[in-house]
Amino acid sequence: MWPFKKKTPVKSQVKFESILCIPGYWKDDQEVKEDIVQATDGEYIAAAGVLMNAKNERHFTFEVCQRDERMKESFAVAGRVTGVTEDFLDEIGKHNSVVYISAPTGSLQEAAHIAFAAEALIKAGGIGVKVETVGKAFEKETWFSLTNNFQEHNSYEMFVINSLVEEDGRSFS
């Protein structure tokens, strides 16, 4: 007789959530909200801590924060992977406020939805996008090129980090 009890496997669904950071020149949260509606012809609306896409019936956690003095350095580090320029980093250094959006992104479809929400924020005056959860920063033109004629493999470019290799050959992932 076997002395151990047979255990039944427990099914657990891992929930992935992505957090995106979009700095901009907005003076306050009201200006951000107004610019989003105007830039997207009402497709996106922000209120009470939620950014909503009325067309696709999706919503994202939405928070507007004041200027962060560390933002330029943060984008510089995250931009090593994507090759951001010094001119871009200088623009990041001039931001007035920062919008953070987050949502579950456990599927390619959900990742695409938050990618398009970030695109809407760039159209509303955002300077660029940093995917906080993977440490990648993107200039707005790069983000637009990934969302324009969107393909599933673009989600990989946006939401997955490759290994980083230092000049001395050390590798990090």
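**Ground rules.** I'm working with a predicted model, where local features need pLDDT of at least 70, side-chain atom pairs count only at pLDDT 80 or more, and totals for chains, interfaces and linings use all residues. I number residues from 1 along each chain as its sequence is written, and side-chain values use heavy atoms, with hydrogens and water left out.

**Largest pocket.** I looked up the largest pocket first, and its volume is about 240 Å³. Of its 14 lining residues, Phe16, Ser18, Thr105, Phe159 and Val160 are the closest to the centre. (A pocket is an open set of points on a 1 Å grid over the protein atoms alone, where a 1.4 Å probe fits, with protein on both sides within 12 Å along at least five of seven lines; lining residues have an atom within 4 Å of a point. The volume is the space filled by probe spheres set on the points, which are joined across faces, edges and corners.)

I checked which element gives the most to this lining: helix 6, with three residues. (Helices are DSSP runs of H or I with at least four residues, numbered from the N terminus.)

**Second largest pocket.** I found a volume of about 190 Å³ here. Glu43, Tyr44, Asn53, Phe116 and Glu119 are the closest to its centre, out of 13 lining residues. Helix 4 gives the most to this lining, with seven residues.

**Aromatic rings.** I get four aromatic pairs, counting rings of Phe, Tyr and Trp (its six-membered ring) with centres within 6.5 Å; planes under 30 degrees apart are stacked, over 60 edge-to-face, the rest tilted. The Phe138 and Trp143 rings have centres 5.1 Å apart and planes at 70 degrees, so I note this pair as edge-to-face. Phe138, Trp143 and Phe159 form one aromatic cluster.

Definitions and conventions:
Helices (H or I, at least four residues) and strands (E, at least two) are DSSP runs, numbered from the N terminus.
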